[in-house]
Amino acid sequence: MAIAIKAIPTLYGEDAVRFREAIEQTEREYDARPQRDITKDARYIMMKNVLRKARI
């Protein structure tokens, strides 16, 4: 018994253009966000303390 292979949906025309614009907008917003220092995050500090106490 074989399992049917479904076709991969493909965007054409205006849908493809809108999708591509949304991707590019998201990339621009991601690149423009400020970088943060993870070592000052409370969860990071807690993880480091747990690892230090476990002597890892």
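Student: How far apart are Asp-15 and Arg-18 in helix α1?
Tutor: They sit 3 residues apart in α1 (residues 13–32), so about one helical turn separates them. Helices here are DSSP runs of H or I with at least four residues, strands are E runs of at least two, and both are numbered from the N terminus. This is a predicted model, where local features need pLDDT of at least 70, side-chain atom pairs count only at pLDDT 80 or more, and totals for chains, interfaces and linings use all residues. Residues are numbered from 1 along each chain as its sequence is written, and side-chain values use heavy atoms, with hydrogens and water left out.

Student: What do the side chains of Asp-15 and Arg-18 do?
Tutor: Opposite charges can pair when their charged atoms come close. Asp-15 and Arg-18 meet in a salt bridge, 2.2 Å from N to O; the rule asks for a side-chain nitrogen of Lys or Arg within 4 Å of a carboxyl oxygen of Asp or Glu.

Student: How many salt bridges does this rule give?
Tutor: The count is 4. Among them, Lys-40 pairs with Asp-37 at 3.1 Å between the closest N and O atoms, and Asp-41 pairs with Arg-43 at 3.5 Å.

Student: Is Lys-40 buried or exposed?
Tutor: Lys-40 is exposed, at 65% relative accessible area, while Asp-37 is partly exposed at 40%. Buried means under 20%, exposed over 50%, and partly exposed in between, using a 1.4 Å probe and protein chains only.

Student: How many buried residues does α2 have?
Tutor: The count is 0 among its 12 residues, so α2 is hardly covered.
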